[in-house]
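Please look over the sequence and the structure below before reading the report.

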Amino acid sequence: NDGQVLTSTGAGSPPAFETISAAPPAFRNYIINGEALVNQRRDSTGKTATGFYGPDRWQTKIEGSCGTWSISQDSGPADKGFAKSILWHCTSGATLSGTNEVYTRYRIEAQDLQDTKWGTSDAEDLILSFWVKSTETGTAIVQVYHNDHSTSDAHTGFAYTISSANTWEKKTIQLVKSTSDAFDFDEGVGMSIQIYFDGGSDMKSGSLNTSYAGHNNANIMPGQTIALAGTGKKLWLTGVQLEKGTTATDFEHRTFADELAKCQRYYW
């Protein structure tokens, strides 16, 4: 139980302990359907407005004139251990202006985040990891909202880089934890993770929040150079994991039955 095994050191010698590496704990991933196995709503085409399309639990936010999108379940990087992924495909492009924005969002129930101990001096570190592939290279933004923060719409922003087109890359982001604001024990949204695809100039003129601060459009996407709202541009996502700690572990694969049961809570 303590990560050691008893080994023999030969006749007449006392037994010795050999330290072995412990496996990461089970049920550590707060994300449901992070590898896009469950697709109850099926693939969607011709979308120009916000909705839940394609694989379960992932909402596509389309605010303003952002082109036309298809959202579908696609193959994943089998050599990385993933059979499926989510694909966002812009089938008819647009030039985004003002506060127009398009992104995907995952929301976690507040009551499922109680063991993070946020709002106390013992608040746990959380780290986000995911596999991403895109037809475009450059910098993209992830926003993390603490929906139960005392500051309305409090969020922090993080940049990551897609280095090679049409290539699966793993990204990790260390979240900013909160020792002052706890998550409510209810079915409301405790945390939102938002991965941005494109946005207008009004969303890029400020600076990313390094601590939780109130919503400001200008601070949402500063530094984002990837612009996916162009005809034929695509982005794939899989292996999304949010877990405790400062080091991302290998993705926690759960059975299809487990993922389906979790997804049905929201689908119905």
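Predicted model: local features only at pLDDT ≥ 70, side-chain atom pairs only at ≥ 80, totals over all residues.

Strands of a sheet pair through backbone hydrogen bonds, in either a parallel or an antiparallel sense. Here six strands make an open sheet with antiparallel pairing, in the order β4-β5-β8-β13-β10-β11. Its edge strands are β4 (51–52) and β11, each of which pairs on one side only.

Two bridges join β4 to β5 (residues 59–63), in the antiparallel sense. In one of the bridges, Gly-51 is partnered by Thr-60 of β5.

## Thr-104 in strand β8

Thr-104 belongs to strand β8. With a relative accessible area of 1%, Thr-104 is buried, because buried means under 20%. A polar atom of the Thr-104 side chain lies 3.2 Å from the backbone oxygen of Gln-59.

Beyond its neighbours within four places in sequence, Thr-104 contacts Trp-58, Gln-59, Thr-60, Trp-88, Ile-193, Gln-194, Ile-195 and Phe-197.

## Aromatic pairs

The model holds nine aromatic pairs. In one of them, Trp-58 and Tyr-106 have ring centres 5.1 Å apart and planes at 55 degrees, so the pair is tilted. This pair links distant parts of the chain, 48 residues apart: Trp-58 is in the loop between β4 and β5, and Tyr-106 is in strand β8. Trp-58 is buried at 2% relative accessibility, and Tyr-106 is buried at 1%.

Trp-118 and Phe-183 form a stacked pair, 5.2 Å centre to centre with 25 degrees between the planes. This pair also links distant parts of the chain, 65 residues apart: Trp-118 is in the loop between β8 and β9, and Phe-183 is in the loop between β12 (169–174) and β13 (189–199). Both Trp-118 and Phe-183 are buried. One aromatic cluster is formed by Trp-69, Trp-88 and Phe-197.

## Charges over Tyr-266

Which residues lie over the face of Tyr-266? Arg-57 does, at 3.7 Å from the ring centre, and Arg-265 does, at 5.7 Å from the ring centre.

## Loop residues with positive phi

Most residues other than glycine have a negative phi. Lys-117 has a positive phi, near 60 degrees, and lies in the loop between β8 (101–109) and β9 (126–134). Its relative accessible area is 37%, so Lys-117 is partly exposed.

Asp-153 has a positive phi of about 55 degrees, although it is not a glycine. Asp-153 is placed in the loop between β10 (138–146) and β11 (154–162). At a relative accessible area of 42%, Asp-153 is partly exposed.

Technical notes
Residues numbered from 1 in each chain as written. Heavy atoms only, no water. Helix = DSSP H or I, 4+ residues; strand = E, 2+ residues; numbered from the N terminus. Buried < 20%, exposed > 50% of the residue type's maximum accessible area, 1.4 Å probe, protein only. Pairing = 2+ DSSP bridges. Polar contact = N/O pair within 3.5 Å; in protein donor to acceptor, adjacent residues only side chain to side chain. Contact = heavy atoms within 4.5 Å. Phe/Tyr/Trp six-rings, centres within 6.5 Å; stacked < 30°, edge-to-face > 60°. Lys NZ or Arg CZ within 6 Å of the ring centre and 35° of its normal.
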